[in-house]
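Dear colleague,

Please find below the structure that I am handing over to you. My findings follow after it, and I would be grateful if you would read them with the coordinates open.

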Amino acid sequence: MTDSSTLLDRHLGIAAKSPEQAVLQLLIELAAQVVGAEEGSLLVLDRSQEPPRELVFAMTVGSGESEGTLAGQRVPVGEGLTGLAALTHEVQIGAPTYEGVRQAERGEAVPGQPSAVIAAPMLIEDTLVGVITAVSFEPGKRFTRDDANLYARAASVAGVLVDQRRQLDAIDTLRDPESATKGGSEPERLEREITGAVSRLVRASPGRLTEVKRLLAALEALTLGRSR
Amino acid sequence: MNLTEVLATDLATLSERDLAPVDVAVLDTGIDATHPDLKDRIGEAFEIVGEDGRYHASARSLPENHDPFGHGTGVASVITAIAPNARIVDVQIVGADDLETGEALVAGLRLALLRRFRVVNLSLACHGRFLKPLTELCERAYWQDQIIVAARRNMPLLEHGIPAQLSSCIGVDSDRLPSPFEFRFRAKHPIECIARGEEVTVAAPEGKYSVQTGTSFAAPAVTGICALLLGAYPDLSPYELKSALKALAGV
């Protein structure tokens, strides 16, 4: 498998050789195996772009050839099944396109196209962090609703895993403010610094929490008002 | 209109009759209006455009391919195959340059209400934070005698999908059923209808075809059936239509 640790660290905050990285790999391997896919991939949303416009292949399991070539390749969010899953936040099942109805119903192999694809979004609340995919090249193979459901569950677990890692990082930042400046993308580092600063403010002002709350509410109104 | 007559309807036979045209708005990824199966079936086309956080509908020329993903084309072809009287209105709410589908969905639904398209197909869902505006819009549609058919979410989340789970809409789940005219009605469940959504042969952009699975392709089967019933019985209210669906559904 391709270990694009830098991509995972930069976009998801998942460090190289960490338990989270191993779990993500296992999750994709397992999900791909259960639905009968030859290949499973994890694409991360490039959060360094504002707004994010591309997904990047960060992990591929199963097919030796693709493992070496897909890592780092970019997929525009506005294209293909992966892009559709990213835009709609819905698991999507893909099939080849055919010249005629009969060919479509027979499920004939189409040169250059996989026989079946699943793309499931990884979400934290309603925020997209990536997409996991399953690909089969077996002629006539079609993924079912149950396959998609299983893959969507795997994507949900992967999303929770990334969210947990981020929350643990926020706690680490509280303990060691300097760690906020280490690892992850620039927006992630800024987010950790802000979260850490707010947490320290709250802990340092137990008797003035109402004032802190009002202050934050005013700041939120000001910020959101301006962004609209 | 006689409800007893409606309840005796055979949907497959109805689809062969000359029925009154019914406007069906498809809020989706756009439609390839040049596809042979959809040619002359798309009456109007719009795209929802976002500028500085504001969304508005912009009219588009026809016949052209406005579908970069193929999803909306597939959805529209399910409706036209069932209901020859359906006049499709293409409203593209999922575009290449926007990550916020929820805002575009709200804007697309506003357009559908303003233009009073009789049936609206939503093979998409959006996040819970859009519950309030969508509830208000769907409620308004109900009182304007408009029918909103919405797909259940495929993602295994806590909610069934908004707006599919709203009582003012007809929520649709999918299953493997032999005929597009066959569907089931599930009482006391937010998603009432179950229609054919496994391995459905649909149109794909550039004159091609594909086989698709998911609630996205079950919802338009119910939309097509609604268009048929409204074509034969134009005075049906949303309440009467839902009652008719319950009575006509298989076990």
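Two residues are taken to be in contact when their C-beta atoms, placed from the backbone, lie within 7 Å. Please bear in mind throughout that this is a predicted model.

With that cut-off, Val172(B) touches Val149(B), Ala150(B), Ala151(B), Arg152(B), Ala164(B), Ile191(B), Cys193(B), Ala195(B), Thr215(B), Ala218(B), Ala219(B) and Val222(B), leaving aside residues up to four places away in sequence. Val172(B) also stands out in the largest nonpolar core: among the 139 residues of that core, Tyr151(A) and Val172(B) touch the most other members. Helix H6 of chain B, residues 215-232, provides the largest share of this core, with 11 residues.

I turn next to the contact between the chains. Chain A contributes 30 residues to it and chain B contributes 28 residues. On the side of chain B that touches chain A, strands E10 (200-204) and E11 (208-212) of chain B each supply at least two residues. E11(B) gives the most to that side, namely 5 residues. Sorted by class, the side of chain B that touches chain A comprises 12 nonpolar, 11 polar and 5 charged residues.

Chain A itself is assigned two stretches as domains, domain 1 (2-168) and domain 2 (178-227). The centres of domain 1 and domain 2 of chain A, taken over C-alpha atoms, are separated by 33 Å.

Of the 10 residues of E7(A), 9 are buried. Strand E2 of chain A (residues 39-45) runs antiparallel to E7(A) and is joined to it by 6 bridges; here Val44(A) has Gly130(A) as its bridge partner. Strand E6 of chain A (residues 116-124) pairs with E7(A) as well, in the antiparallel sense and over 9 bridges, and in this pairing Ala120(A) is partnered by Ile132(A). E6(A) and E7(A) make up a hairpin with 2 residues between them, and Glu125(A) in the turn has a positive phi of about 55°.

Finally, helix H4 of chain B covers residues 101-114. At 1.5 Å a residue, its 14 residues should span 20 Å, which agrees with the 20 Å between its end C-alpha atoms. Buried residues in H4(B) include Leu105(B), Leu109(B) and Leu111(B), together with Thr101(B) and Gly102(B). After H4(B) comes Arg116(B), with a positive phi near 55°.

With kind regards

Note on methods
Residues are numbered from 1 along each chain as its sequence is written. Chains are lettered from A and ligands numbered from 1 in the order in which they are written. This is a predicted model: local features need pLDDT of at least 70, side-chain atom pairs count only at pLDDT 80 or more; totals for chains, interfaces and linings use all residues. Helices (H or I, at least four residues) and strands (E, at least two) are DSSP runs, numbered from the N terminus. Ala, Val, Leu, Ile, Met, Phe, Trp, Tyr, Cys and Pro count as nonpolar, Asp, Glu, Lys and Arg as charged, and the others, Gly among them, as polar. Domain bounds come from an automatic or database domain assignment. A nonpolar core is a set of buried Ala, Val, Leu, Ile, Met, Phe, Trp, Tyr and Cys residues joined through C-beta atoms within 7 Å. A residue is buried if 20 or more other C-beta atoms lie within 10 Å of its own, exposed if 12 or fewer, and partly exposed in between; C-beta atoms are placed from the backbone. Two strands pair if DSSP finds at least two bridges between them. The expected span of a helix is 1.5 Å times one less than its number of residues.
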